[in-house]
Every structure is written in structure tokens, then in C-alpha cells.
Amino acid sequence: MPALQELISSFSQEEREALDALFSRYHFTESQKLEIAKDESDLRQWKEPSFIPAAPYSRIDSRKDGRKGDAFMKALREHMDHLRSSETDYSTFFPEVKPREKCTSRFVDKRIVLGRCPCPVDGEKTRCCRLRTLDAIEQCAFSCSYCSVQAFYNENEIHAVSGIKEKLLACTPDPDVWHIGTGQASDSLLFGDDFGTLSALSAFAEKHPEIIIELKSKSARNVFDRKYPRNMVFTWSLNAPTIIEKEEHLTASLEGRLENAERARDNGNLVGFHIHPMVYFKGWDEEYPRLAKMIESRFRPEDVCMVGIGTLTFTKAVIRHLRERGDESRVLEMDLVPASGKFSYPLETKERMFSTVFHSFSEAFRNNVFFYLCMEDPSLWMPALGREYSSDREFEEDMKRHYREAVARL
Ligand code: SF4
């Protein structure tokens with residue numbers, strides 16, 4: 001089916017009639033019709049009013065040159081540009097969250113492979129810490145509206161590597177492997193030790209004290225009724241309360257995540273925080289600084305191994321997936337500027353957000369905790385964090401030194 005017809009078939013009867021009436025009122029090219037349908041579909045997903053009834057018809061109809069279709073397109077583009085470039089307004093957004101179909105889970109007999117972080121592969125277009133990734137579990141039962149994991153794996157089936165302990169203990173990582181993350185294909189704590197993953201990672205960490213295992217979570221699940229080797233670092237993705245409420249569905253509240261981080265700290269491990277993905281919304285400049293203060297009110301710099309900062313960034317495939325899924329969300333109500341093969345906010349917006357959140361931490365925190373920008377343009381480091389690296393290797397070496405010193409101090 002041609003793209004326009006396919007898109008229109010997903011519209012309600014009323015929406016179709018409004019489009020038909022518009023298409024017979026003015027002359028549009030096929031690509032203009034497709035653009036109108038796409039924009040209307042975006043507006044519906046963002047729960048913004050349709051542009052069709054609101055267009056400035058008297059101004060368009062008063063044109064004498066007969067280019068009324070072009071005048072409509074101009075007004076539509078101005079409207080969409082305005083919505084995309086301004087701070088997203090969540091005060092008017094109350095998404096209906098579709099319950100997720102029940103997830104099933106099963107073990108799969110997969111080889112253990114250490115992947116690489118999802119930065120662009122070559123050319124150092126983003127400053128990358130060269131994290132190695134371990135997909136012990138694939139798929140997640142949380143439902144963040146911006147999530148790329150949902151696009152990669154079967155939505156309702158959770159796969160866990162079978163015999164993971166034996167497989168991990170049998171593997172000999174390359175000598176340059178010092179930092180492995182498990183939070184790229186799922187949430188690291190949501191399933192606790194249901195699949196034996198935490199026990200396996202614990203045994204591996206004990207066998208390789210020089211390797212730091214980093215778990216990343218949005219969960220409040222208490223897994224701290226047992227001890228873990230000190231080279232296991234427990235990190236939480238944190239966000240502004242507005243974004244947690246409106247876009248990070250089914251995840252733990254900010255309070256729940258911070259309480260769980262306190263348990264990890266009290267249990268003898270280092271913790272870390274990913275303020276990621278930051279969203280440019282009305283109120284960001286109050287809520288993100290408050291988040292920084294909340295972290296500081298509960299943790300000392302020596303408790304915290306790292307704070308990573310980053311924004312919403314999408315690949316074309318994920319944007320397509322989110323549009324097809326059609327869930328109500330405002331994460332795509334943003335300027336999608338090309339950024340190293342992906343799409344993200346303009347650099348000036350990112351610089352303001354990163355610099356604001358970094359400078360909301362006290363000097364003691366800024367000087368003693370390892371802050372970094374995650375998968376971001378190298379040019380942002382100096383204006384946002386006041387330091388930069390000339391290569392990924394230099395970044396990785398500095399991160400390694402900080403992490404190892406922090407672990408050694410425990
Ligand atoms: S917690 Fe992470 S993996 Fe799970 S839905 Fe959210 S972004 Fe995706």
C-alpha cells in the first residue's frame with residue numbers, strides 16, 4: 001500500500017473526513033499530502049490538537065495568486081517548527097498508558113559475547129568511553145516511551161542466557177577489557193536474581209577483580225540482602241519527576257530509585273547515576289537542578305563512582321518504530337537535528353542543559369566524582385563540564401583511573 005494510504009488507514013473516520021475535506025479544498029502535491037498526514041499523526045501521538053481545524057483559513061483564502069495549498073503548508077510548517085523547537089509542555093499531557101501484554105520469559109542457549117557500546121563505530125563523532133556490553137537478559141518489562149530496546153527485540157518475550165555462570169566463568173576477556181555494562185539490553189535489576197544473572201556476575205567479578213561490572217537500573221527491587229564484590233558498581237538512571245511520570249512508564253519513582261541506591265551504598269558498593277535522557281521540557285531548568293541537590297543530600301562524593309549525563313537521541317529506525325507503535329508520548333515533539341548518524345537536540349540546547357545540571361552540583365561533588373557526557377559531541381565537553389579529551393582513548397584512560405581509584409578506596 002502506498003505510504004499515504006497506509007498512514008491514512010490508521011486514522012479515525014473523523015480524521016479521514018477532515019483530511020479529505022482539506023485535500024478537496026486546496027491543491028496539494030502527493031508529497032505535501034504525505035507531510036500533512038505525517039504531521040497530523042505526530043500531533044495525535046503528542047496529544048496536541050489537530051492543525052486542520054485551526055489553520056488560518058481567512059489568510060490563506062485571501063491569497064490572489066492561487067497558491068493556497070502552499071500557503072497552508074507554510075502555516076503548518078511554522079506551527080510544527082514552533083512545537084518542536086520550544087520546551088515541551090507536559091502540564092497539558094496526560095497519556096493513556098496501554099497495559100503491556102504479559103511478558104513471557106525463557107532461557108536461550110547463547111554464547112557470551114562482549115559487545116561494544118552503541119556509539120557510532122568510527123571516526124570519534126561522539127566521545128565514547130568504549131564500554132563493553134554484556135546482554136545477559138534481552139528485553140525489559142518496563143515501558144519507557146523513548147526506549148530502543150523495545151525496537152530491537154520481540155516485545156513480549158524476555159530472553160535470559162542459560163548456564164550464564166558457567167559460561168561467564170569459562171570466558172577469558174581480552175586484557176584491554178576493564179569495564180563491562182549489563183544495562184544495554186534490559187534493566188539490570190528488574191529481574192533480580194530470577195535468572196541467576198546477579199549470582200553469575202558476582203562470581204565473575206570475584207574472579208576478575210580488575211574488571212568493573214556496571215549495572216544500570218530504574219528499579220526499586222531490593223537485591224541487597226547479600227554481599228557483592230566491590231568491583232560491582234550499581235547505577236541508576238534518574239530523571240526529572242515530570243519525565244518519570246509522563247514518559248518512563250512502569251518504572252520505579254525517583255524516590256524508589258534513590259532509596260535502592262542507598263541500599264546498595266549501605267551494602268558496601270559504589271553507586272553511580274545516569275541523568276539520562278535529559279528532556280528539554282517546560283520546567284527542566286528547575287527539576288534537573290533539584291535532582292542534583294537530591295543526590296547530594298543523600299550521598300557523599302566518595303559514595304558515588306560516576307555521574308553520566310546525556311539527552312534524547314534517536315536512530316531513524318527507532319523514530320520509525322515509535323511512530324508505528326503510536327503510543328501517546330511527547331518525546332518526539334522536539335527538534336530532530338542530525339547528530340552523528342542519529343537525531344537529537346541542537347548543540348546549543350544540549351550545552352545549556354548539561355552545563356546547568358553539572359553546575360547544580362557542589363564544587364566538592366564536581367571535583368571528586370567522575371562526571372562525563374554519554375555519547376555526546378566532543379565539542380560539548382569544555383563548555384558544559386570545563387574539561388575535554390582529545391580522543392576516546394584518553395577519555396577511557398581517565399575514566400578507568402577514576403573508577404579504579406574509587407573502588408580501591410572502598
Ligand atoms: S528501563 Fe531501559 S530497557 Fe527498560 S524500557 Fe526503560 S529504557 Fe528500555
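In this predicted model, P346 counts as partly exposed because 14 C-beta neighbours lie inside 10 Å, a count that falls between the limits of 12 or fewer for an exposed residue and 20 or more for a buried one. P346 is found in the loop that links β15 (342–344) with α13 (347–359). Leaving aside residues up to four places away in sequence, P346 touches D335 and V337. The residue numbered between those two, L336, is 10 residues from P346 along the chain, and the C-alpha atoms of P346 and L336 are separated by 7.8 Å.

Turning to helix packing, helix α3 (residues 30–46) meets helix α5 (residues 68–85), with axes that come within 11 Å and cross at roughly 30 degrees. The crossing of α3 and α5 is left-handed. On the α3 side, the contact is made by Q32, I36 and D39, while α5 contributes G69, M73, L76 and M80. Sorted by class, the residues of this contact comprise 4 nonpolar, 2 polar and 1 charged.

Around the ligand stand C140, F142, S143, C144, C147, V149, S186, D187, K218 and T251. By class, this shell holds 5 nonpolar residues, along with 3 polar and 2 charged ones.

Note on methods: Residues are numbered from 1 along each chain as its sequence is written. This is a predicted model: local features need pLDDT of at least 70, side-chain atom pairs count only at pLDDT 80 or more; totals for chains, interfaces and linings use all residues. A residue is near a molecule or strand if its C-beta atom, placed from the backbone, lies within 6 Å of it. Ala, Val, Leu, Ile, Met, Phe, Trp, Tyr, Cys and Pro count as nonpolar, Asp, Glu, Lys and Arg as charged, and the others, Gly among them, as polar. Axes are lines fitted to C-alpha atoms, for helices over the stretch in contact, and angles run from 0 to 180 degrees between N-to-C directions. Helices (H or I, at least four residues) and strands (E, at least two) are DSSP runs, numbered from the N terminus. A crossing is left-handed if the near helix is turned anticlockwise from the far one by less than a right angle, and right-handed if clockwise. Two residues are in contact if their C-beta atoms, placed from the backbone, lie within 7 Å.
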